[in-house]
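I opened the model and kept notes as I went. The entries follow in the order of looking.

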Amino acid sequence: RVEPGEPGASGIIDNTFAATGEIIATLYKAADVPFTEESATCLYAAVATDTGCFRFSNTTADTHRLAGDLIEAGVDVGTLNKRFFSDMGRPKFELMRRALARVEFHCGDQVAMSWLTGEDLQDAGARIEDAENLINYWHAVETVRAAVLLKSFDPNQTRGSFRSDATFDSAAFLRQFGGGGHAPAAGATIEAPLQEAQRLLLEALETQMNGQNQP
């Protein structure tokens, strides 16, 4: 958010859009500025990644209509989708192997949680962005309502990334930790070491899951 009166800055927050790229595309259209091949490619990248390649429940008919407009502007969908959702370098693969080996199930298998540290990045020769989207592998388990990846790249700070199905609002849940995002995909930064952050999140998840399962 932008503080009122802050010079040279403005902010737009509208959670009815599935992706930031949709808001930017709307501004293009409002200004009657046509998409170039380059701008369309950037917007498609923003929309496709924010919606999990149009798989998340935040995806709307307008999202698909925008994708059609971007494709007509020259987006190479096959190449981009392969790059974003299929291609994987060896460092990312090494992170995936570590994260998958650590997945633990909680709350009657409704929650799947894993974690990565700065040491993992160093050992794998990976970058922080290589940890993106790994969570989707344990989110795909059929009993899982909420998947969690904890990233502790600072010893006193833990970043929690959530993916969830339509029965669990990740953004609403993470507000208690100062986080936010979309219902199916959200995150929060917890000012605590990994183990403490894990404990806090699991306690809150167990409370919410048990409350929802009460008759």
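I set the strand terms before anything else: two strands pair if DSSP finds at least two bridges between them. Helices (H or I, at least four residues) and strands (E, at least two) are DSSP runs, numbered from the N terminus. This is a predicted model, in which local features need pLDDT of at least 70, side-chain atom pairs count only at pLDDT 80 or more, and totals for chains, interfaces and linings use all residues. Residues are numbered from 1 along each chain as its sequence is written, and side-chain values use heavy atoms, with hydrogens and water left out.

**Sheet**

I traced an open sheet of six strands with mixed pairing, in the order S1-S2-S3-S4-S6-S5. Strands S1 (104-106) and S5 (180-181) are at the edges; each has a single partner strand, so one side of each lacks a neighbour in the sheet. I then followed S2 (residues 111-117) and S3 (residues 146-154), which run parallel and are joined by seven bridges. Valine 111 has alanine 146 in S3 as its bridge partner.

**Proline 155**

I found proline 155 in the loop between S3 and strand S4 (157-164). Is proline 155 buried or exposed? I use buried for under 20% relative accessible area, exposed for over 50%, and partly exposed in between (1.4 Å probe, protein chains only). Proline 155 has 62%, so I logged it as exposed. Its C-alpha atom is separated by 8.7 Å from that of threonine 117, 38 residues apart along the chain.

**Helices H1 and H2**

I looked up the axes of H1 (residues 20-30) and H2 (residues 37-50): they come within 7 Å and cross at roughly 145 degrees. Axes are lines fitted to C-alpha atoms, for helices over the stretch in contact, and angles run from 0 to 180 degrees between N-to-C directions. Contact means heavy atoms within 4.5 Å. On the H1 side I noted Thr20, Gly21, Glu22, Ile24, Ala25 and Tyr28, which meet Ser39, Leu43, Ala46, Val47 and Asp50 of H2.

**Histidine 139**

I placed histidine 139 in helix H7 (residues 136-139). Histidine 139 is buried, at 19% relative accessible area. Beyond its neighbours within four places in sequence, it is in contact with Val144, Ala147, Arg163, Ser164 and Asp165.

**Cysteines**

Cysteine 53 is partly exposed at 24% relative accessibility, while cysteine 107 is buried at 16%.
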